[in-house]
Amino acid sequence: MVLKSHNFAFDFSGSQVVVTKPNSSELGQLALKHFADEPYMRNFIVSSAEVFVLAQKQFKSCYPDPVPQTTITALSQMYRGIILELVQNLKDVGDLETAALYSNLDFVWNFCEIIFLSSNPDLPVLPYLIDWVRINFDQSSKILPEVQQELPDLGQQCIDKVWKLIYTHVFHGRTREAAKLLPFVNPRPGNSHSNGVGTSASLKNKIEFMTELLEKKPRYNPRTGSFTDFESSWASWREECVNRLEQRVFYGNEQLTFICNVLCGNDEGFSEARTKNLLTWYEYLVMLINYRFPIIRPSALKGYARKVVSDFGLGDSLEPRDIILFHAMEYDIVNVLKEIQAVWNNPWYSTHFVDLIYAGGKFSEVTDVRIDYSSVPPLRTHFIIDYGTTIMEHKPIWQIGVPYFEALEEPLRKHLIGKCIERINPKTEMEAQKLVQIAGQFNLSSELSGICRKVAVDKLKCGQMQNALLWAIKAGDSSLTTHIVDQILFEGDCKIEASLLESLRNAIPCSDRLVFLSGFCDFRKLMDKKDYANAVGKLCQLIKEDMIPKRINHKIIQHLVTLHDKNVKFRANETTILMEFVHLRVGINKIEPADFTRLNMLLVCNRANEILTMFNNKTFKQ
Amino acid sequence: MFVARGVKTDHKDLIHDVAFDYYGTRMATCSSDQTVRVWELDAQAGNWNCMANWKAHSGSVWKVTWANPEYGQVIATCSFDRTAAVWEEVVGEGSIGDRVSATHWVKRTTLVDSRTSVTDVKFAPRYLGLVLATCSADGFVRIYEAPDVMNLTQWSLQYEIPVKLSCSCIAWNPTYPRHFAPMIAVGIDESTPEVPKVMIYEFNENLRRWNRIESLKDITDPVNDLSFAPNLGRSHHLLGVATKDLKVVSLEPTMVEDDNQVPSSNKVTTRTIAQCSDHNSTVWRVAWNVTGTILASSGDDGCVRLWKGNYMGNWRCVSILRGDGTQATVEPTSAAASATSPVGSFGNSRFMKLGAAAALKQDVVWH
């Protein structure tokens with residue numbers, strides 16, 4: 001055998017690793033940080049689990065049909081709500097970096113929700129994109145309060161801000177919101193801020209025209225609207241915008257002209273938007289679709305997105321976030337999740353998102369897009385196992401992992417839960433009960449008896465005999481039960497609590513000793529109640545069933561001895577049974593002489609009585 | 001990401017093995033100083049306190065392992081002194097150094113059948129009862145059983161398996177009962193070239209003996225450690241092998257049902273599904289987590305590496321923990337020999353929000 005000069009041994013358990021160090025007798029201990037211990041994560045994990053459970057319920061109730069798209073979208077939004085709550089919590093405590101990470105995750109989740117969950121591959125994707133950019137890039141909540149403060153007379157800086165907000169709304173396609181803000185940029189007559197670009201009256205006219213255009217932009221609701229109607233009304237609206245532009249309605253006001261150019265979807269407007277550095281490529285993409293290609297389907301996005309990204313000069317060095325979006329546009333769920341794992345090494349996202357895709361089933365009518373969903377079930381299983389293990393390995397929150405494993409098929413579900421609960425050392429009775437309940441729920445009979453056995457052994461060590469006995473019975477372990485009962489019988493005073501006694505009676509006896517204990521306690525109770533006749537009857541029953549352990553014989557004798565002056569009349573056969581017991585089972589030499597005398601007296605008297613009675617009966621019969 | 005600290009063990013010589021109990025709240029160490037120490041975790045302070053310390057053998061103690069907690073607090077050790085021993089913690093005063101402790105460890109049995117150093121000792125999966133296996137440099141694997149689990153002093157040698165080559169390590173397959181016959185993998189550490197260094201044995205219920213059903217021909221370098229992954233109802237088994245590099249081998253039983261209806265395969269198809277040389281040196285130990293989602297390995301490069309398989313069965317290193325506890329970095333590398341798609345290389349890239357100027361720190365946390 002090769003003698004090793006050093007041997008780099010280690011072991012790991014959950015989030016701990018301990019290693020030996022070469023040439024040293026010191027150990028290295030590495031306590032790996034679990035993500036559940038980060039700020040606000042506990043709540044995040046619990047809330048996510050609640051939504052996950054909800055999703056499983058929906059899946060079950062709709063089965064074999066897929067869960068309706070609206071429900072899936074709602075569930076997805078619940079997950080996003082949880083992420084955003086986390087973001088807000090982190091921002092509140094000033095951890096802006098981590099907040100940004102989760103904020104990005106929400107951004108990406110939102111986009112993936114559009115592609116994989118809520119939009120229909122055969123219908124325009126625009127409305128979802130409008131919503132997406134609104135959620136992520138709308139500065140209203142920041143700017144409007146500032147505006148409110150400065151009312152009624154807005155300073156030039158404020159007016160500039162309002163214009164920027166108006167532009168943003170226009171880029172995003174939220175023209176009605178833009179229209180609502182126009183009055184703020186229309187200075188009142190006599191106002192020192194009215195610019196000299198035309199009288200305020202003419203500006204007012206222009207604003208009216210613009211407002212009209214903005215308010216008339218057609219909107220499309222994928223659930224209720226007809227897309228052909230939308231297509232034609234958009235075409236006529238667009239024509240109207242072009243007319244207005246050609247009529248130079250907004251001539252003289254550069255802001256409104258710019259907006260009209262954008263509405264017309266012409267290059268001048270778009271490149272001005274870019275040069276003014278007013279938007280990110282995401283917003284630019286949405287603007288492009290709003291005003292040039294409003295009816296494109298989700299599958300066409302990638303082509304336009306590539307062009308936009310290239311125009312922005314980002315083509316060669318895409319951020320991970322953008323790479324993820326592109327994979328999503330390709331409907332490549334596997335790569336989406338791989339990239340997400342690469343930047344956030346946590347199976348949370350993958351687990352919850354893929355589960356929603358799974359629950360929603362395949363789209364029923366898929367024309368242009370070949371969505372390969374065959375990878376979804378194994379992906380889902382893989383991530384649930386990963387995430388579930390992570391949660392169950394973390395002692396404070398192990399219970400939250402159970403519903404995740406429960407969402408898998410048998411026999412996987414059973415194996416996983418069984419393996420994990422074996423590793424949980426119940427610290428309290430309540431935790432032990434919880435483990436037992438879970439083991440029972442999933443028919444984990446050997447784990448159940450293992451847990452009960454372990455608790456029984458622990459209680460035994462603490463001297464809690466009766467509690468240990470209850471657990472040993474639950475475990476169905478006859479040798480342990482016998483062992484504990486023996487200890488109670490021989491080492492204790494055999495006093496058993498009434499409640500335990502009740503449980504003993506109701507429990508299926510897994511050990512003869514247990515039956516004896518139960519019977520013996522009954523006997524003692526009867527003795528205490530001075531119901532000697534029945535007590536003796538009980539004792540004889542125990543003797544007949546041959547259950548009395550040898551070591552307890554002397555206690556039985558003691559009890560019998562106390563009867564000698566109580567004038568107890570034995571029933572038929574009882575004397576015989578007792579005599580056999582005393583002489584054959586116990587043996588006279590094992591009994592104290594004084595005790596034996598009394599015992600003998602008791603038995604002999606009873607025997608005499610019996611004979612007399614028999615004799616009398618015979619006499620009378622004759 | 002993680003907290004590192006040293007634990008002064010006061011062992012007087014090299015520590016050869018360290019093992020957590022089932023719950024991760026106790027650990028045992030064994031050393032060339034012939035002693036075993038048992039430690040308990042102080043959860044609040046996060047440090048380990050030595051609860052017991054005793055001379056266990058008359059030679060270096062190579063391995064220590066815990067039995068399932070339902071048998072109580074029981075450990076087994078094996079040593080250069082040609083014996084293996086089973087120890088149990090009993091209530092009753094013991095002493096550790098100057099302190100008095102409420103419990104102490106007693107030897108329940110010594111297993112003396114080996115003619116040479118006993119190199120490994122492992123308890124069998126619980127469904128087999130209280131059973132343990134040892135392997136020795138004398139080329140035998142021995143399987144012992146304690147038929148009365150309440151009495152740990154009575155162990156009998158049930159089977160002696162002649163491997164005929166010096167054995168360094170054994171692993172039980174922790175399969176779910178009744179689906180597969182009991183299975184053991186044995187690692188060989190002789191340096192004879194071209195001889196397979198991992199043997200797979202399976203127990204035949206009918207003949208009541210252990211048969212060699214396979215030897216892994218891909219593995220011809222001395223083997224230091226082996227471990228089966230927990231089986232989650234897969235049709236195949238996964239075995240991690242620590243040898244000159246890290247290998248993951250899949251064993252797929254070819255089902256041959258015998259009359260007993262215990263699928264007793266007399267054949268397994270084996271395939272090396274991953275070969276990871278990231279340690280760039282000898283790999284010493286391997287261990288799986290509770291559900292088999294993570295494989296950990298330690299190597300002569302002083303690192304512990306954590307590996308995860310994706311749903312396609314490709315293995316990738318997800319964490320590197322340096323043995324001196326100073327640093328953990330994640331270096332995604334393509335680990336699998338059979339990987340078909342390259343792993344994304346964005347481990348160090350930043351996930352920036354909306355063109356914000358501030359660079360974000362990489363938030364890669366372990367789980």
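Author: This is a predicted model, in which local features need pLDDT of at least 70 and side-chain atom pairs count only at pLDDT 80 or more, while totals for chains, interfaces and linings use all residues. Residues are numbered from 1 along each chain as its sequence is written, chains are lettered from A and ligands numbered from 1 in the order in which they are written, and side-chain values use heavy atoms, with hydrogens and water left out.

Reader: How many residue pairs are in polar contact across the interface of chain B and chain A?

Author: A polar contact is a pair of N or O atoms within 3.5 Å, where within protein one must be able to donate a hydrogen and the other to accept it, and residues adjacent in sequence count only if both atoms are side-chain atoms. With both residues at pLDDT 80 or more, the number of such pairs that the rule finds across this interface is 14.

Reader: Which element gives the largest share of the side of chain B that touches chain A?

Author: Elements are DSSP runs numbered from the N terminus, helices being H or I with at least four residues and strands E with at least two. Those of chain B giving two or more residues to this side include strand E8 (84-96) and strand E25 (315-322). The largest share, seven residues, comes from E1(B).

Reader: How many salt bridges does the rule find across the interface of chain B and chain A?

Author: The rule asks for a side-chain nitrogen of Lys or Arg within 4 Å of a carboxyl oxygen of Asp or Glu. The side chains of B:Lys8 and A:Glu26 meet in this way, at 3.1 Å from N to O. Across the interface of chain B and chain A, the number of salt bridges found is three.

Reader: What volume does the second largest pocket have?

Author: On a 1 Å grid over the protein atoms alone, a pocket is an open set with protein on both sides within 12 Å along at least five of seven lines, whereas a cavity is a set of points where a 1.4 Å probe fits but cannot get out; lining residues have an atom within 4 Å of a point. Grid points are joined across faces, edges and corners, and a volume is the space filled by probe spheres set on the points. For the second largest pocket this is about 1,400 Å³.

Reader: Which helix gives the most to the lining of the second largest cavity?

Author: The second largest cavity has a volume of about 120 Å³. Among the residues closest to its centre are A:Gly450 and B:Tyr23. With four residues, the helix that gives the most to this lining is H21 (residues 445-462) of chain A.
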